[in-house]
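User: I'm new to this one and would like to get my bearings. Could you walk me through a few spots, one at a time?

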Amino acid sequence: MHMPCIIVITLLICCLLFCHCQKTPKVLLISFDGFRWNYLNRIDTPNFDKLIKSGVKAKWLQDVFVSQTFPNHYTLATGLYEENHGIVANKFYDPKLNEFFSYHVKEDVTSSKFWGGEPIWVTNQIQGRTSGVFFWVGSEAPIKGIFPTVYKNYNKTFPWKQRVDTVVEWLANKPVGQSNQLLNITLALLYFAQPDIDGHKYGPESPEVTEMIGQCDSITGYLLDKLSEDNLYEDVNIIITSDHGMASLDKKRTVALLPYINITKVDHIINYYTGAAIWPKKGYLDSVYEDLLKIGPYASVWKREDIPAHFHYNNNNRIPPVLVAVKDKWLLLNNTSDELPMKGDHGYSNSLMDMHPFFIAHGPAFKEGLVSEPFSSVNVYELICHILGLNPAPNNGSIERVKHLLRHQPSSYPITRQTAKLICISIGLSMAIFVIAFITRHFHHGKNKSHEYFVQSGEERHDEALLSYQQSEE
Ligand SMILES: [Zn+2]
């Protein structure tokens with residue numbers, strides 16, 4: 001084949017690779033805290049609806065056992081059950097460290113000793129990418145010695161629109177910080193504490209929560225506009241979900257804990273209203289357990305080893321020796337005379353429908369107009385790893401359980417621009433070697449050919465001379 005043809009074909013292959021490959025994938029994971037799965041049916045939500053229409057929605061997301069904020073957000077980030085990532089509740093006792101963890105204490109949330117597993121931003125950065133986290137459980141501690149590339153310390157009063165502006169700037173690769181660095185962020189996480197706050201304060205069925213659902217939809221609309229302004233709307237894979245749902249409370253459905261505990265027999269009691277972690281003194285396990293069984297039908301009382309396996313809540317020394325799990329919509333007060341502390345709560349078993357959060361996803365990786373059956377939140381980490389082309393750390397999720405959400409099945413997933421660039425560089429180098437080899441060979445071949453011609457013409461001249469000599473003799 002002629003050299004110009006080979007070069008033209010090679011250039012065509014490179015062009016096709018670049019045209020058909022995807023841009024470097026980007027993911028934005030958003031949480032609206034306490035956004036129950038069926039809140040979407042309460043009020044017009046045109047922006048969520050827009051994403052669902054051209055993206056995917058799950059009927060609900062299956063949260064993990066203790067339906068609290070810290071365990072569930074950290075499960076979304078790591079793909080691990082609570083017993084494996086170690087954030088077993090918003091507040092817990094660690095017998096090995098002989099220390100308490102509380103989600104309200106700055107020193108605890110910023111201390112790496114409490115955080116197990118590998119959150120998605122660490123996976124992303126270990127594999128050479130950059131991440132931006134605008135508030136997420138675990139992001140303020142160095143996990144495996146790594147902070148997010150850029151992140152914010154939690155401040156619940158930080159204006160919502162400014163959070164969105166910042167995240168969009170990150171994804172648009174605009175200069176970040178005083179040094180005006182270009183970080184090329186491929187993974188961003190964004191958190192809003194509503195409608196959880198209003199769900200607790202006014203109850204999940206209140207008009208205030210309905211109004212707040214509208215505000216969550218509006219800020220989503222603002223985000224979509226900002227992404228469109230930067231031509232990112234079609235490029236960013238957006239996942240919008242939550243940590244848990246919310247249940248209505250009633251003063252008539254309260255049960256007291258302290259009448260069932262002899263406090264001289266216990267070291268620690270952590271009552272979180274929808275359950276309680278009990279640490280009996282040495283030798284009092286059975287006695288404390290039997291006393292607690294008298295609470296009656298309003299709560300399940302388990303020794304750690306008897307907690308049903310499907311909750312994935314046994315295998316961690318931070319899980320208490322005796323666990324009280326209150327049943328649906330009952331509330332565990334210390335004493336019955338205590339005032340109802342709020343009108344809505346979560347933290348119940350993840351088998352209750354009211355505890356399930358919503359799940360929406362939209363972007364080049366996702367199908368259009370799909371309503372999926374529910375799946376567990378442990379799969380979200382695998383899903384993000386897959387979209388970003390990351391090798392996941394060991395986790396409890398599986399891409400097999402969420403691959404039906406994806407436009408391209410894992411085996412036929414299109415190559416990224418980065419991979420295409422590598423392929424083109426390889427083709428270019430091979431071509432260069434081929435061209436050099438061709439020219440070298442052609443040059444040598446040409447030299448030999450001209451020598452051959454000179455010899456031949458010499459012989460011809462000799463023959464001609466011989467012929468003219470013979471002719472002159474005649
Ligand atoms: Zn929460």
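This is a predicted model: local features need pLDDT of at least 70, side-chain atom pairs count only at pLDDT 80 or more; totals for chains, interfaces and linings use all residues.

User: Okay, what is the phi of N173 like?

Analyst: N173 isn't a glycine. Even so, its phi is positive, at about 60°.

User: And how does N173 count: buried, partly exposed or exposed?

Analyst: A residue needs 20 or more other C-beta atoms within 10 Å to be buried, and 12 or fewer to be exposed. N173 has 16 C-beta neighbours inside 10 Å, so it counts as partly exposed.

User: Which loop holds N184, and how does N184 count, buried or partly exposed?

Analyst: N184 is in the loop between helix 7 and strand 8. Its phi is positive too, near 50°, and N184 is not a glycine. With 13 C-beta neighbours inside 10 Å, N184 counts as partly exposed.

User: What is the peptide bond from Q194 to P195, cis or trans?

Analyst: P195 lies in the loop between strand 8 (187-192) and helix 8 (196-202). Omega for the bond from Q194 to P195 is near 5°, and the bond is cis.

User: Let's move to V288. Is V288 buried or exposed?

Analyst: V288 lies in helix 10 (residues 285-293). It has 22 other C-beta atoms within 10 Å, so V288 is buried.

Notes. Residues are numbered from 1 along each chain as its sequence is written. Helices (H or I, at least four residues) and strands (E, at least two) are DSSP runs, numbered from the N terminus.
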